[in-house]
Amino acid sequence: MKKQVMVVDDSRMMELQIRKLLEGSDFEVAAYCENGEDALARYEEIQPDAVTMDIIMPGIDGLETTQILLEEHPDARIVIISSLVYDDTINEAHDIGAKAFLYKPITQESLIQALTEALG
């Protein structure tokens, strides 16, 4: 059975890219949320194995969403995917509890490796 991934990103194109990158792997997109509020509302229902999280989104940003999600579900496995490549952002993501941080644009290899490590 494939591992279920919830994609949280305000860009539908990013969701489609992740879906395509996961083709032929042990992962599949189980749900797409275009903002943090949607992700927080749907996490319990979806119960994904892993979450990919953008940082810059309307409403609650990805770092705050990650923090809230981990407070409510400490076992959540979150991989941040962002174009923000600042050390303090990466450090904050790890301090909050994100399992990995990927820079956009992402590759199939880096995505699958990050998801595998997040679940390991």
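Start by selecting Pro58, which sits in the loop between strand 3 (50–53) and helix 3 (62–72). Helices here are DSSP runs of H or I with at least four residues, strands are runs of E with at least two, and both are numbered from the N terminus. This is a predicted model, in which local features need pLDDT of at least 70, side-chain atom pairs count only at pLDDT 80 or more, and totals for chains, interfaces and linings use all residues. Residues are numbered from 1 along each chain as its sequence is written, and side-chain values use heavy atoms, with hydrogens and water left out.

Not counting residues up to four places away in sequence, Pro58 touches Asp10, Asn35 and Glu37; contact means heavy atoms within 4.5 Å.

Move on to Thr65, which is found in helix 3. Is Thr65 buried or exposed? Thr65 is buried, with a relative accessible area of 0%. Buried means under 20% relative accessible area, exposed over 50%, and partly exposed in between, using a 1.4 Å probe and protein chains only. With neighbours within four places in sequence left aside, the contacts of Thr65 are Gly36, Ala39, Leu40, Met53, Met57 and Ile60.

Two strands count as paired if DSSP finds at least two bridges between them. In general, strands of a sheet pair through backbone hydrogen bonds, either parallel or antiparallel.

Zoom in on strand 3 and strand 4, which run parallel and are joined by 3 bridges. Val51 has Ile78 in strand 4 as its bridge partner. Strand 4 and strand 5 also run parallel, joined by 4 bridges. Here Ile81 stands opposite Leu102 in strand 5. Between these two strands the chain crosses from strand 4 through helix 4 to strand 5, and this β-α-β crossover is right-handed. Right-handed means that, with the strands pointing away from the viewer, the path from the first strand over the helix to the second runs clockwise.

For a residue in strand 1, select Lys3. At 38% relative accessibility, Lys3 counts as partly exposed. Lys3 and Asp26 are 23 residues apart in sequence, with 6.1 Å between their C-alpha atoms. Beyond its neighbours within four places in sequence, Lys3 contacts Asp26, Phe27, Glu28, Asp49 and Leu119.

**Helix 4**

Select helix 4 (residues 87–96) and colour Thr89, Ile90, Ala93 and Ile96, which are buried. These residues cover an arc of only 130° around the axis, which puts them on the same side of helix 4. The arc is that of the directions from the helix axis to the C-beta atoms. The buried residues of helix 4 pack against helix 3, strand 4 and strand 5. On the other side of helix 4, Asp87, Asp88 and Asp95 are exposed. Just after helix 4, look at Gly97, which takes a positive phi of about 125°.

**Helix 1 and helix 5**

In helix 1, select the buried residues Met14, Glu15, Ile18 and Leu21. Seen down the axis, they fall within an arc of 130°, so they line one face of helix 1. Their cover includes strand 1, strand 2, strand 3, strand 4 and helix 5. Turn to the face of helix 1 away from this buried side to find the exposed residues Met13 and Lys20.

End at helix 5 (residues 108–119), where Leu111, Ala114, Leu115 and Ala118 are buried. They cover an arc of only 95° around the axis, which puts them on the same side of helix 5. What covers them includes helix 1 (12–21) and strand 2 (27–33).
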